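Here's a quick briefing to read alongside the model.

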Amino acid sequence: MKLFSIITLLLFSSICINTVNAQMSSHWTKEELKMANTAGNASYLTGEEKDIVIYMNLVRMDGERFFNTFLQDFIDEYNEKMKQYSNYETLKISRNNSYYLSLKRDLKNIRSLPVFWPDEALSWVAKQHARDLNRNNFAGHNSTDGRTAKDRIAKIYPKRSSGENIAFGFSSGLGNVCLLLIDRGVPDLGHRKMILNTSYELNTVGVSIQPHKTYRYCAVTDFVALPH
């Protein structure tokens, strides 16, 4: 089974959440953070790439708490930053928006899902595609040589359930995860479903955040189901 989804943010935004450390210490126990930090020793990942893994894990561990803490901080700071643009009303994330409200409903009952584990080989696959996107200045799951995401992942891990999320416009791990969870403008909510998925037993991830000529940043997350 394969699941692929892509989201493009048509603005250049690098949101830095200043209250993340405070939220971590006040709303999440040391034991929970340790459990979520499966990428902590992954020397092949950058700090922000590790953050993609930890925030995906935290939302799977307690979706409602993630919604009430990290997501709210992200939206507040994002909206404040967007006020500098003349089309602020279009860019802002409204808490009356249907995508926001559906995420609130979806996360209310998310609790104690298995965490994702990072993988160096899969992260290499994600990095090669992210670099291809930048080098050839395009957005898509298919590589310029014609390979699909399934082809790329199967080269490393054949005959496994797999999937891919791609997001553009954010350099931070938290920004990318929140953007994918809200999934604004994506009717089938493919990114959100990928992060919260259990039916395909996706448990291993490869992550890469790279520069992009048009969108400034692109983040590729590849998923695969492996025995653990």
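Predicted model: local features only at pLDDT ≥ 70, side-chain atom pairs only at ≥ 80, totals over all residues.

**The chain at a glance**

On the secondary-structure side, you're looking at ten helices and five strands.

**Overall packing**

- Of the 228 residues in the protein chain, 54% are buried.
- Take the contacts in the protein chain with a separation of 6 or more: 76% of them involve residues 24 or more positions apart.

**Asn 176**

- You'll find Asn 176 in helix H9, which covers residues 173–182.
- Asn 176 has a relative accessibility of 1%, so it counts as buried, the cut-off being under 20%.
- Its side chain reaches the backbone oxygen of Phe 170 at 3.1 Å.
- Leaving out residues up to four places away in sequence, Asn 176 touches Ile 52, Ala 167, Phe 170, Ser 171, Ile 209 and Ala 219.

**Asn 134**

- Asn 134 sits in helix H7, made up of residues 120–135.
- Is Asn 134 buried or exposed? Buried, because its relative accessibility is 19% and the cut-off is under 20%.
- With residues up to four places away in sequence set aside, Asn 134 touches Pro 211, His 212 and Lys 213.
- Asn 134 and Thr 214 are 80 residues apart in sequence, yet their C-alpha atoms are 8.1 Å apart in space.

Conventions: Residues numbered from 1 in each chain as written. Heavy atoms only, no water. Helix = DSSP H or I, 4+ residues; strand = E, 2+ residues; numbered from the N terminus. Buried < 20%, exposed > 50% of the residue type's maximum accessible area, 1.4 Å probe, protein only. Contact = heavy atoms within 4.5 Å. Polar contact = N/O pair within 3.5 Å; in protein donor to acceptor, adjacent residues only side chain to side chain.
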